Amino acid sequence: MTGTKAPTIVIVPGLREHIEDHWQTILAKRLGDAGRTVHIVPPPVHNRLSRDAHVANVVEVMVRIAVPVIIVAHSAGVMTTVHWAQWHDADVRGALLAAPPDFGTPLPAGYPTPDELATHGWTPVPRKALPFPSIVAAGSNDPLGSLGRVTELAREWGSRLVELGPVGHLNPASGHGPWPQAEELVEALEHGWCRTAPRPAS
């Protein structure tokens, strides 16, 4: 950003363990190598499924940052971000919310059940408009959330929707490591283009 210090990037992962070839990990390294300041929110040490524990870790990272931030969240990290935004504040210039899961319908086998999500505080999912600009990036065949349901969430959060095509859950299990569009969308948020920029090609 010309004449000003670029915002710090805060990466909010989902419920997964650290994955070296996940696009968030790759993005953090690329931005760090380019001289950007990047913070990755760590997973909770205890009670890994607790929404409150995930939100508390976002709070802990945010209070150490005294400059504007851009949030880059994926999967359940999107839900962590929207829950955090209901009760906490920071100078957020924008948020990239990639592949949000639909916690309102049962997830595939191997993922938390609706009862587990409710017990650990993830539901109901906040529907209030976010207090900062945001882009929701969603695939057309995500097994964790249909495009229709994610489009509804984006509308309620006041987010710009970017349709990515058949990218699954945008993770290594879906055949995706690097995601170059992430850098383009971060730049769009930094420059306030998120409401007018053309949608990237899938």
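1. Leu 97 touches Ala 73, Val 78, Thr 81, Leu 130, Ser 134, Ile 135, Val 136, Ala 137, Trp 157 and Ser 159, leaving aside residues up to four places away in sequence. Contact here means heavy atoms within 4.5 Å. The model is a predicted one, in which local features need pLDDT of at least 70 and side-chain atom pairs count only at pLDDT 80 or more, while totals for chains, interfaces and linings use all residues. Residues are numbered from 1 along each chain as its sequence is written, and side-chain values use heavy atoms, with hydrogens and water left out.

2. The largest nonpolar core has 36 residues, and those with the most contacts inside it are Val 10, Ile 71, Met 79, Trp 84, Leu 97, Phe 103 and Trp 157. Such a core is a set of buried Ala, Val, Leu, Ile, Met, Phe, Trp, Tyr and Cys residues joined through side-chain atoms within 4.5 Å; buried means under 20% relative accessible area, with a 1.4 Å probe and protein chains only. At least two residues of this core come from each of β1, α2, β3 (69-74), α3 (76-87), β4 (92-98), β5 (134-138) and α5 (147-157). Helices (H or I, at least four residues) and strands (E, at least two) are DSSP runs, numbered from the N terminus. The largest share of this core, six residues, is supplied by α3. A second, separate core of 23 residues includes Ile 9, Val 72, Leu 185 and Ala 188.

3. Helix α3 is largely enclosed by the rest of the structure, because 10 of its 12 residues are buried. Among them are Met 79, His 83 and Trp 84. The buried residues of α3 pack against β1, α2, β3, β4 and α5.

4. The largest pocket holds about 280 Å³ of space. A pocket is an open set of points on a 1 Å grid over the protein atoms alone, where a 1.4 Å probe fits, with protein on both sides within 12 Å along at least five of seven lines; lining residues have an atom within 4 Å of a point. Grid points are joined across faces, edges and corners, and a volume is the space filled by probe spheres set on the points. Of the 19 lining residues, Leu 15, Arg 16, Ser 75, Tyr 111 and His 169 lie nearest the centre of the largest pocket.

5. The second largest pocket has a volume of about 190 Å³. Its lining has 16 residues, with Pro 13, Arg 16, Ile 40, Val 41 and Pro 43 nearest the centre. At least two lining residues come from each of β1 (8-12), α1 (23-33) and α2 (51-62).

Terms used: Buried means under 20% relative accessible area, exposed over 50%, partly exposed in between (1.4 Å probe, protein chains only).
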